[in-house]
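Hi,

Here is the model I promised to pass on.

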Amino acid sequence: MSRPCSILITGASSGIGAALAYLYASEGKILFLSGRNDERLTAVARSCEAQGAEAYTSILDVTHRKAMSNWINYAHGRAALDLIVANAGISGGTAGGVETESQSRQIFAVNIDGVLNTVLPGLEVMGSRGVGQIAIISSLAGFLPMPGAPAYSTSKAAVRHFGEALRSSAARRGVGISVICPGFVHTRMTAANTFSMPFIMTAERAAAIILRGIERDQARIAFPFPMYMAVYALGQLLPPAVLRFVLARLPEKPATGTLTDR
């Protein structure tokens, strides 16, 4: 959708979500922004309002199915939604250890259930109108089974497949589906990484790439291109035994005990 006017973004209090909110904010735009940190989310909304947009905030946990459905229906009733960005996500590392059950379950709950709790009610309200677009934030990590981030990489693979599989049936209802697979982006999530992150970019640059891809209704928006080609080749072309050998030698995200969001 080239000119969405009513836009809903989850995980909008920082990183890619906030950067997208700033890009879309202008006169005549209505933004519905959710996050878990009231102070940061309010600051984002105020900046968007300073650019001429209307901004409405909601402190929500995307794992709460009913609350998410209520919020999406409320937003759609106030201003029929043109674009929904399922951006909320968290990560955690192992630092050479074993990922805990608690961490794994939390990551799956936010990154998979949170996406379902955003996309499914969004598809219902948009499908009833016969127009709209939904963007799902996955990751290039979803192309590889990362030993240092098993729950994160698996959750991102799951939502990538879900979004791409959903695209055809959603199109029959007049709704576009785009899956976004960024590489390393300067956010709260990558701030904990102590290893080199090739081709890392600012959240603002990532948001600009995402916005252009959404405007073109791209099925998959994967970037930066050199890293996309590298992870795709590794995941698709190497025999499993060789892939396991290569992945076991990659640096691992620190296990800080605190899960980080975007």
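Predicted model: local features only at pLDDT ≥ 70, side-chain atom pairs only at ≥ 80, totals over all residues.

Residues are numbered from 1 along each chain as its sequence is written, and side-chain values use heavy atoms, with hydrogens and water left out.

I'd start with β6 (residues 132-137). Strand β4 (residues 83-86) is joined to β6 by 4 bridges, and the two run parallel; leucine 83 has glutamine 133 as its bridge partner there. β6 also pairs with β7 (residues 175-182), again in the parallel sense, over 6 bridges, with glycine 132 opposite valine 175. Is β6 buried or exposed? 6 of its 6 residues are buried, so the strand is largely enclosed by the rest of the structure (buried is under 20% relative accessible area, exposed over 50%, partly exposed in between, with a 1.4 Å probe and protein chains only). Gly132, Ile134 and Ile136 point one way, while Gln133, Ala135 and Ile137 point the other.

Next, the helices. The axes of α4 (residues 101-129) and α5 (residues 150-171) come within 9 Å and cross at roughly 15 degrees (axes are lines fitted to C-alpha atoms, for helices over the stretch in contact, and angles run from 0 to 180 degrees between N-to-C directions). That makes α4 roughly parallel to α5, the label for angles under 35 degrees. Residues in contact (heavy atoms within 4.5 Å) include Phe108, Val115 and Leu123 in α4 and Tyr152, Phe162 and Leu166 in α5. The contact residues divide into 15 nonpolar, 4 polar and 1 charged (Ala, Val, Leu, Ile, Met, Phe, Trp, Tyr, Cys and Pro are nonpolar, Asp, Glu, Lys and Arg charged, the others, Gly among them, polar).

Finally, some backbone details to check:

- Phenylalanine 223 and proline 224 are joined by a cis peptide bond, omega about -5 degrees; proline 224 is in the loop between β8 (220-223) and α8 (225-237).
- Phenylalanine 199, not a glycine, has a positive phi of about 60 degrees and is partly exposed at 47% relative accessible area.
- Aspartate 217, in the loop between α7 and β8, has phi near 55 degrees.

Cheers

Technical notes
Parallel < 35°, antiparallel > 145°, perpendicular 65-115°, else oblique. Pairing = 2+ DSSP bridges.
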